[in-house]
Amino acid sequence: MVCLATGIVWIALTGHSYAQSARTIKLEEAIAMSLQNSKQLKLSQSNVDLAGLGIRQVKENQLPSLSVSGSYLRVNSPNVNLKIKQEGNDSTGNSGSMPNVHQAMYGMASASLPLFSGFRFKYGLESAKYLEQAARLDADNDRDAVIQNTVAAYGNLYKASKAVDLVTENLASERERVQEFTNREKNGMLARNDLMKAKLQESNVELALLNAQNDLKITTINMNLLLGLPEETVLDADSNSFVSLKQEGNAAEWEQTALTHRKDIAANGIRQKAADTDIKVAKADLYPSVALSAGYVALNIPGVVTVPNAVNAGIGFKYDVASLWKSGAKIAQARTKAYQMKTNEQIILDRIHLEVNTAYYNYVLSKRKIDVYAKAVEQANENYRITKNKYDNSLVTTTELLDADVAQVQSRIDYEAAKADAVVAYKRLEQTAGIIN
């Protein structure tokens with residue numbers, strides 16, 4: 001009785017967990033949620049913010065600088081013994097009129113406004129703006145990658161869900177067959193060996209179902225992480241997302257689109273402009289700098305001197321002659337970075353050519369696979385029907401019947417997977433062309 005009660009409770013609990021309604025989510029909704037929740041995009045935005053702060057820093061360096069300082073000093077009374085006699089000194093050389101100073105105070109303020117710094121600020125600001133634009137393009141490129149990852153995860157969710165449904169359906173058929181074979185074996189109408197083959201087939205399908213359910217759990221967890229949903233959320237992909245497929249066009253058009261819309265090549269072009277500007281920044285050391293300066297000093301030494309309002313203002317000129325032979329390495333370094341950007345452009349172009357063509361032909365292949373698997377489903381269904389009729393008339397063995405059943409289920413699984421793979425392949429093609437949305 002205890003075992004029976006425990007079994008009833010277990011069935012009730014498991015039945016409740018499987019009865020949990022799944023949330024059907026569309027592909028567009030999944031993409032929107034992943035973009036909103038993506039930690040990678042948040043990190044990319046922080047890089048954009050840092051680039052913006054670089055612009056702000058350059059602008060702040062052009063603002064006037066102001067510094068204030070002050071000191072209060074305690075001074076002892078030193079013994080002064082002058083060896084040279086002066087008027088008013090006694091015979092020992094000591095002056096009778098030496099002031100008694102015990103403290104000193106002073107305060108000063110200075111301000112400076114750069115007027116000319118060899119175009120350092122001008123080109124530095126220009127370079128910082130270029131880098132911010134490149135950071136924004138990098139963030140857009142990361143956004144495209146997040147979309148593609150979401151589409152791939154969505155396709156995996158669909159394939160895993162369909163596999164569970166089809167294998168579950170097949171398992172029910174296998175159990176019916178085992179029950180039928182068991183009854184026939186009891187009545188002496190079927191060899192026990194054939195019954196064992198059917199039971200073995202049932203066990204294999206049960207194992208396949210366990211693997212399919214495990215894959216579904218993993219893909220669901222991955223999808224929930226991308227979407228920012230609780231881990232226990234049960235998701236179901238919308239099958240309408242895998243119905244219509246677009247024309248593939250031709251590879252040359254896709255590659256031309258990529259050259260126009262790819263964010264990485266645009267970002268590299270902007271970084272190349274920034275590198276060219278950095279050469280001008282490095283050459284700024286060869287120019288003099290001019291600044292407007294002003295200062296204020298207050299000094300008080302009790303009993304000696306008091307200066308309450310010493311003010312100065314003027315224009316300062318500075319030229320570091322050593323920059324003529326110390327700036328060569330810095331300028332050469334800036335030119336080398338500009339050369340690296342130009343070389344990197346050729347690398348990116350080669351990568352675009354390979355990625356676009358790979359994605360294009362993978363999409364063409366995936367569309368053809370759908371047609372092939374559709375025919376395979378028809379052929380497998382017809383093969384199973386014929387084999388079943390022959391088996392009922394004792395013209396084929398049980399092994400042939402079971403093999404036909406396996407081929408039928410596998411063809412349906414492959415067909416559903418091919419539909420999902422085609423959508424993912426097309427989105428990958430759009431990503432390589434820089435127009436995924």
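**Helix packing and a cavity in a predicted model**

H9 and H10 run roughly antiparallel to each other in this predicted model.

User: At what angle do helix H9 and H10 pack, and how far apart are their axes?
Analyst: Angles over 145 degrees count as roughly antiparallel, and H9 and H10 are therefore placed in that class. Helix H9 covers residues 328-392. The packing angle is about 160°, and the axes are 7 Å apart.

User: Is the crossing of H9 and H10 left-handed or right-handed, and how does their contact divide by class?
Analyst: The crossing of H9 and H10 is left-handed. By class, the residues in the contact of H9 with H10 come to 21 nonpolar, 9 polar and 10 charged.

User: How many cavities of 30 Å³ or more are there, and what is the volume of the largest cavity?
Analyst: The count of cavities at 30 Å³ or more is 1. The largest cavity has a volume of about 30 Å³.

User: Which helix gives the most to the lining of the largest cavity?
Analyst: The lining consists of Lys 159, Lys 162, Ala 163, Leu 166, Ile 413, Glu 416 and Ala 417. Helix H4 (120-186) and helix H10 (398-433) each supply at least two of the lining residues. With 4 residues, the helix that gives the most is H4.

How values were computed
Residues numbered from 1 in each chain as written. Predicted model: local features only at pLDDT ≥ 70, side-chain atom pairs only at ≥ 80, totals over all residues. Heavy atoms only, no water. 1 Å grid on protein atoms, 1.4 Å probe; cavity = no way out; pocket = protein on both sides within 12 Å on 5 of 7 lines; lining within 4 Å. Points joined across faces, edges and corners; volume = space filled by probe spheres on them. Axes fitted to C-alpha atoms, helices over the stretch in contact; angles between N-to-C directions. Parallel < 35°, antiparallel > 145°, perpendicular 65-115°, else oblique. Left-handed = near helix turned anticlockwise from the far one by under 90°. Nonpolar A, V, L, I, M, F, W, Y, C, P; charged D, E, K, R; others polar.
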